[in-house]
Amino acid sequence: MNTPAVVLVVLLSLFGCSQKKEENTSDDKKTPTPKGKGRVSAMKAPPASEESEEASEESEAAAEQPPEANTVSKFAAYPPLHNAANATPEKLTAFVKNAPMVKVPIATILKYLPTVGKEIWSIPAIKGNKTGYEVERWETKTIDGKLYLHCISISQIEYMRFGVISVEYYVTKSLYQAFGDGELVSIEKTGHTNKEKNTYTLTRMEKGIYKRVTKQNLLANTKQSETKEQILDLEPGSIMNSGLAVQVLIAKNRVKGTRSYRIRSYSFHKNLDTNGVIAVYSQQPVHLRGKKPEKVHVASMIGANPPSIVNMLIDMNGQVVQTEAGIYSSMVSTEKEALERFELFEYRSIMVTPTPIRGITKKTEEMSVTFRGNMPVGLKVFNTSRYSIKRRNNYEFTVTLKRDNLRGLRHLPTPPELREYLWSSPRLQLDDPLIVSLSKKAVGGARSNPEKVARLVTFVNRYIKGDLDYNLNTAVAVAKARRGDCTEHTLLFVALARAQKIPTRRVSGLKCRNTCRGCMFIGHAWAQVWLGRWIDVDPTWNQQSADVTHVLLSTDDDYRSVQLVGKLKYVSHKILK
């Protein structure tokens, strides 16, 4: 399953430069090593909106917008999407698409940079348990006589996963023009895990044209790094329509009513330019770190590709003081507090959902399970003959599960609407010689797609040795290491299947493990393949038809299910067949 640092890193990738990665803030200043222990309070969900501010305040804020830009009155006319957690992906997409783009003059950003861009330390946490530190700061730089805006963001995460210590260290460096259109000049992202180091850079070549360079290697083979270059047509936005621009507006205008600001950025994960919305709901006093109440803006970051929601608190100076996505959170702190020692959190405690279910065997064909939790509305399960989801209310749902019938599977041309599930990506390097070679070796002489899938499932199951100490981000890294858990098994399987022109995607959720006390649902990842219709396969357990206990809760195209992690509760079940 995905590790905790990935969650907020990906969900907050639109905001400021916080696509967190690794590196020192300067050549002569070493990044401090975390030492400590602490707990972070959870944040409440956004309340209902307040009335819009008065016309006089509207006109003052509108003065910050150039003539061609959206005025503040337009932001007020486009209110935030309340109860976004229960909106469908289509509704989130429409909301983000139609929201007015923020545009703040560079001169105004520079004026407020000492306030909104100063060095901020924070504490990331899982269920209130500290997992490391984060620090971010903005500054101006002069290069060749021209002024630029530079941001550096650093985070280190440590936790236990089934008794294995995992450490993740990330740095992002972003550079924007502080002149002209304020275009993005470059982003550099570096990430270390226990077994892997990845570096991604995006550099402006000319207006609308960028070069992406990806460098990846296993730490055991630092001399055998893989480097790939791409030239991309992109419009990743400018500093004038970034998350920092929204922070500046809030710092200057002290927004009192509801607002929705669309911002633009680049996603290394998706390898495309993306849009998101910062929705400001209201002002209210809250307790931060046990101090006296402080007035803040209650807000959310809403993404559409993929659908995602992160709740935020933004203070009157435009600084983000707290973020929350389900049980994952990050809260502003002092440098000393951020670097204090802490007890490592055992991730297993949120990956396991115990139940009294008994009697499930390999022959079980159909069952239903009722859970308590906020299941995302409109989750695209694809395999509708296997999954039937019935929501009883906002916090309870029943999933009816049927094992796939493998009869009648066919070798058919890929429909146009499914071609995206054949695409290569930064994590799925389909043209890499190793992936191409393994794909051909795995399928052997098989001719039909159903036969190829059966062979691929068995090949991946035997090729990878189970190992929880490996948390790898690319199919090539998995192919070289030949170790990992369900995430690595699935990542390699998807790459090999797509290399054979078979539509495939990664999904995740729960799978039952029988114990002496009954069935225990654990976090798990597996794959779906299209063979005339969608079926679920599990290469980790060598199941050409995934057993009936696989409960799909999330996909690589939808991050909303992070709200369920660590909060899902078993209610009841029925074994139907």
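Mentor: Let us begin with the overall picture: the protein has 12 helices and 26 strands, and it should be kept in mind throughout that this is a predicted model. Of its 577 residues, 59% count as buried, and among contacts with a separation of 6 or more, 65% are accounted for by residues 24 or more positions apart.

Trainee: How are two packed helices described, and at what angle do the axes of H9 and H10 cross?

Mentor: In general, two packed helices are described by the angle between their axes and the distance between the axes. Here the axes of helix H9 (residues 433–443) and helix H10 (residues 449–463) cross at roughly 115° and come within 8 Å. H9 and H10 are therefore roughly perpendicular to each other, and their crossing is right-handed. On the H9 side the contact is made by Leu 438, Lys 441, Ala 442 and Val 443, and on the H10 side by Lys 452, Arg 455, Leu 456, Phe 459 and Tyr 463. By class, the residues of this contact divide into 6 nonpolar, no polar and 3 charged.

Trainee: Which residues of H9 meet H12?

Mentor: Ile 435, Leu 438 and Ser 439 in H9 meet Leu 492, Ala 495, Leu 496 and Ala 499 in H12, and the residues of this contact divide into 6 nonpolar, 1 polar and no charged. The axes of H9 and helix H12 (residues 486–499) come within 9 Å and cross at roughly 80°, so H9 and H12 are roughly perpendicular to each other.

Trainee: How should I read a buried face on a helix, and which residues of H5 are buried?

Mentor: The general idea is that an α-helix has 3.6 residues a turn, so residues three or four places apart point the same way. In helix H5 (residues 106–116), the buried residues are Ile 106, Thr 108, Ile 109, Tyr 112, Leu 113 and Val 116. Because they cover an arc of only 150° around the axis, they lie on the same side of H5. On the other side of H5, Ala 107, Lys 111 and Pro 114 are exposed. The cover over the buried residues of H5 includes strand S3 (132–143), strand S4 (146–161), strand S5 (164–177) and helix H6 (243–253).

Trainee: Where does Lys 127 lie, and which residues does a cis peptide bond join?

Mentor: Most residues other than glycine have a negative phi, and most peptide bonds are trans. Lys 127, in the loop between strand S1 (120–126) and strand S2 (129–130), has a positive phi of about 55° although it is not a glycine, and Lys 127 counts as partly exposed at 43% relative accessibility. Lys 501, in the loop between H12 and strand S22 (504–515), has a positive phi of about 65° and counts as exposed at 58% relative accessibility. A cis peptide bond, with omega about 0°, joins Asn 305 and Pro 306, and Pro 306 has its place in the loop between strand S12 (294–304) and strand S13 (307–315).

Conventions:
Residues numbered from 1 in each chain as written. Predicted model: local features only at pLDDT ≥ 70, side-chain atom pairs only at ≥ 80, totals over all residues. Heavy atoms only, no water. Axes fitted to C-alpha atoms, helices over the stretch in contact; angles between N-to-C directions. Helix = DSSP H or I, 4+ residues; strand = E, 2+ residues; numbered from the N terminus. Parallel < 35°, antiparallel > 145°, perpendicular 65-115°, else oblique. Left-handed = near helix turned anticlockwise from the far one by under 90°. Contact = heavy atoms within 4.5 Å. Nonpolar A, V, L, I, M, F, W, Y, C, P; charged D, E, K, R; others polar. Buried < 20%, exposed > 50% of the residue type's maximum accessible area, 1.4 Å probe, protein only. Arc of directions from axis to C-beta.
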